[in-house]
Amino acid sequence: MSHSAPVRVAVLVSGNGTNLQAVIDRIEAREINARIVCVVSNREDAFALKRAEKHGIPGVVHQLGAYASRREYDAALVEILRDHGVQLVLLAGFMRILTDVMVDAFPHAILNIHPALLPAFPGLHAQQQALDYGVRFTGCTVHLVDCGTDTGPIILQAVVPVNEDDTEETLSARIQQEEHRIYPEAVRLFCADKISLNGRQVRILP
Ligand code: GRF
């Protein structure tokens, strides 16, 4: 592990927060040179906030409520993240699409985990899309976030087989096991400065 200062990370959530938990666990095990300085949720009832609290991480509820547009919502979000000195933003089940306001504020420093092998099955219900299409394999993807929906440069992927008797729930559970492995791994690489970008191609440095 490098001896430089831990990277200041924000995790944006809307729900359960199992990916948040996976990252917390690898940081606490000292495998990732990072500190989660805040967890931001657009829902006050997100279980992810309870996970943050349990680990002494400040939680912030940032609801659409008062904001007239997604760009204004994002401008206020940028302010929250700047106040916390955030260097890396992780989307972990955050159910809002970011605008250019957020993307431009953190260039090449926002990661997302998507439950399919992109560019297949972007958007919502990726697991059900895979079942409906009838693919034999699907998986998950960690990618850099750009202004498109799940279109940014790909960092890591993992393949998961689809069984003929899978439901959305059983397939999602099998994919999540891989999410919890590759998302923290991508964060580790980012924080160790091992990711370099050439156009839309990501190179992982030795
Ligand atoms: C994950 O399946 C992830 O792929 C998708 O949202 C879900 C978040 O789950 N983007 P959790 O809140 O981390 O448990």
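**View 1. H125 sits in the loop that links β5 to α5.** The model shown is a predicted one, with local features requiring pLDDT of at least 70 and side-chain atom pairs counted only at pLDDT 80 or more, while totals for chains, interfaces and linings use all residues. Residues are numbered from 1 along each chain as its sequence is written, and side-chain values use heavy atoms, without hydrogens or water. Helices (H or I, at least four residues) and strands (E, at least two) are DSSP runs, numbered from the N terminus. Phi of H125 is positive, near 55°, although H125 is a residue other than glycine. H125 counts as exposed because its relative accessible area is 54% (exposed is over 50%, buried under 20%, and partly exposed in between, with a 1.4 Å probe and protein chains only).

**View 2. L124 and P119 also belong to the loop between β5 and α5.** L124 is exposed, with a relative accessible area of 58%. Beyond its neighbours within four places in sequence, L124 is in contact (heavy atoms within 4.5 Å) with M95 and Q129. If you look across to V159, 35 residues away in sequence, the C-alpha atoms of L124 and V159 are 19 Å apart in space. Then find P119: the peptide bond joining L118 and P119 is cis, with omega of about 10°.

**View 3. The largest pocket has a volume of about 950 Å³.** A pocket here is an open set of points on a 1 Å grid over the protein atoms alone, where a 1.4 Å probe fits, with protein on both sides within 12 Å along at least five of seven lines; lining residues have an atom within 4 Å of a point. Points are joined across faces, edges and corners, and the volume is the space filled by probe spheres set on them. There are 36 lining residues, and G93, F94, M95, I113 and P115 are the closest to the pocket centre. Two or more lining residues come from each of α1 (18–28), β5 (110–114), α5 (126–133) and α6. The top contributor is α6, with 4 residues. Sorted by class, the lining holds 12 nonpolar, 19 polar and 5 charged residues (nonpolar: Ala, Val, Leu, Ile, Met, Phe, Trp, Tyr, Cys and Pro; charged: Asp, Glu, Lys and Arg; polar: the others, Gly among them).

**View 4. Helix α1 is largely enclosed by the rest of the structure, because 8 of its 11 residues are buried.** The buried ones are T18, N19, L20, Q21, A22, V23, I24 and I27. Their cover includes β1 (7–13), β2 (34–41), α2 (47–54), β4 (88–91), β5 and α6. After α1 comes R30, in the loop between α1 and β2. R30 is not a glycine, yet its phi is positive, about 65°. With a relative accessible area of 68%, R30 is exposed.

**View 5. I36 and L81 touch the most other members of the largest nonpolar core, which has 62 residues.** Such a core is a set of buried Ala, Val, Leu, Ile, Met, Phe, Trp, Tyr and Cys residues joined through side-chain atoms within 4.5 Å. Helix α6 (residues 168–191) gives the most to this core, namely 9 residues. In soluble globular proteins, nonpolar side chains tend to be buried together. Leaving out neighbours within four places in sequence, the contacts of I36 are V9, V11, L20, V23, I24, I27 and I57.

**View 6. L88 is a residue of strand β4.** L88 is buried, at 0% relative accessibility. With neighbours within four places in sequence set aside, L88 is in contact with V7, R8, V9, A10, A109, L111, V187, F190 and C191. D165 lies 77 residues from L88 along the chain, and the two C-alpha atoms are separated by 39 Å.

**View 7. The whole structure contains 0 disulfides (a disulfide being a pair of cysteine sulfur atoms within 2.5 Å).** The closest cysteine sulfur to that of C191 belongs to C38 and is 14 Å away, which is too far for a bond. C191 is buried, at 7% relative accessibility. C147, at 44% relative accessibility, is partly exposed.

**View 8. A68 is placed in the loop between β3 (59–61) and α3 (70–83).** A68 is exposed, at 70% relative accessibility. From A68 to P122, 54 residues apart along the chain, the C-alpha atoms are separated by 27 Å.
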